[in-house]
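Visitor: I've just got this model open and I'd like a tour that goes by the numbers. Could you take my questions one at a time?

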Amino acid sequence: MMVPFRRKKTNKQFPVKVCTFDSELEFHLEHRATGRYLFDLICRTIGLRETWYFGLQFEDSKGNLSWLKMDKKVQDQSVHMTNGSCMFIFLAKFFPENVAEELVQEVTQHLFFLQIKQAILSMDVYCPPEASVLLASYAVQAKYGDYDEAVCKPGMLISENLLPQRVIDQYQMTPQMWEERIKTWYADHRGMSRDEAEMEYLKIAQDLDMFGVNYFPIT
């Protein structure tokens with residue numbers, strides 16, 4: 001008696017791209033993978049343990065921004081495909097009341113720093129001029145380390161995106177004048193590590209009125 005031929009089951013997978021403010025990740029998931037599986041995979045990949053602050057945002061097939069539901073399959077959530085891949089942005093969804101006390105991991109602090117800095121520079125979060133200059137000086141310290149006059153030559157910071165355009169437009173100051181204002185604060189941060197500079201940035205930013213406000217629906 002002949003045994004019926006059985007076709008081997010194919011394990012269908014689909015590509016996923018995830019953008020954080022620090023990197024871009026690519027995965028291939030099984031068709032039954034849930035939002036929780038993808039989220040945990042990302043957290044393991046970037047070494048994040050303080051996972052409760054974050055979520056995965058995506059654009060659905062109707063062009064609306066949504067948060068990925070953890071208990072549902074990824075492919076059941078109408079994720080818009082871009083170049084054949086499901087696209088997600090890994091974002092802070094919830095914000096601590098006190099960043100210095102509640103954010104423990106360096107990777108958590110760094111992701112918050114990058115997201116809040118982007119929100120301030122894109123003017124989603126209003127920041128007054130003097131605070132903007134001080135925040136810019138901490139951002140420079142985090143990126144370049146201690147101020148060195150031989151390295152930080154005139155014009156070096158002008159090409160950097162350091163201040164909200166609203167602040168620049170508010171005063172009749174040249175780029176060179178703004179640079180000097182930032183350098184004055186920057187020089188005072190000598191000895192401060194990247195993580196310390198980013199935390200000082202967050203401690204100031206958390207007192208801004210729009211800190212932690214999301215401009216998209218949470219579903």
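Visitor: Let's start with Asn83: buried or exposed?
Guide: Ground rules first: this is a predicted model, where local features need pLDDT of at least 70, side-chain atom pairs count only at pLDDT 80 or more, and totals for chains, interfaces and linings use all residues. Residues are numbered from 1 along each chain as its sequence is written, and side-chain values use heavy atoms, leaving out hydrogens and water. On the accessibility scale, buried means under 20% relative accessible area, exposed over 50%, and partly exposed in between (1.4 Å probe, protein chains only). Asn83 comes out at a relative accessible area of 79%, so its label is exposed.

Visitor: On to Ser137. Which residue's side chain does its side chain make a polar contact with?
Guide: Ser137 is in helix α4 (residues 129-144) and is buried, at 0% relative accessible area. Contact here means heavy atoms within 4.5 Å, and beyond its neighbours within four places in sequence Ser137 is in contact with Ile182, Trp185, Tyr186 and His189. A polar contact is a pair of N or O atoms within 3.5 Å; within protein, one must be able to donate a hydrogen and the other to accept it, and residues adjacent in sequence count only if both atoms are side-chain atoms. At 2.9 Å, the side-chain partner of Ser137 is His189.

Visitor: How are α4 and α6 oriented to each other?
Guide: Axes are lines fitted to C-alpha atoms, for helices over the stretch in contact, and angles run from 0 to 180 degrees between N-to-C directions. Under 35 degrees counts as roughly parallel, over 145 as roughly antiparallel, 65 to 115 as roughly perpendicular and the rest as oblique. Helix α6 (residues 175-187) packs on α4 at about 65°, with the axes 8 Å apart. The pair is therefore roughly perpendicular.

Visitor: What handedness does that crossing of α4 and α6 have?
Guide: A crossing is left-handed if the near helix is turned anticlockwise from the far one by less than a right angle, and right-handed if clockwise. The crossing of α4 and α6 is right-handed.

Visitor: How are α4 and α7 oriented to each other?
Guide: The angle between α4 and α7 is about 160°, with axes 8 Å apart. α4 passes α7 in a left-handed crossing. The two helices are therefore roughly antiparallel.

Visitor: Which residue's side chain does Glu200 join in a polar contact?
Guide: Glu200 lies in helix α7 and is partly exposed at 25% relative accessibility. Leaving aside neighbours within four places in sequence, Glu200 is in contact with Tyr138 and Met192. The side-chain polar contact of Glu200, at 3.0 Å, is with Lys203.

Visitor: Is α3 oblique or roughly parallel to α7?
Guide: Helix α3 (residues 106-121) and helix α7 (residues 194-205) pack at about 50°, with axes 9 Å apart. That angle makes α3, relative to α7, oblique.

Visitor: Last one: how far apart are the C-alpha atoms of Leu114 and Lys72?
Guide: Leu114 sits in helix α3 and is buried, with a relative accessible area of 14%. Leaving aside neighbours within four places in sequence, Leu114 is in contact with Phe21 and Asp22. Lys72 is 42 residues from Leu114 along the chain, and their C-alpha atoms are separated by 29 Å.

Conventions. Helix = DSSP H or I, 4+ residues; strand = E, 2+ residues; numbered from the N terminus.
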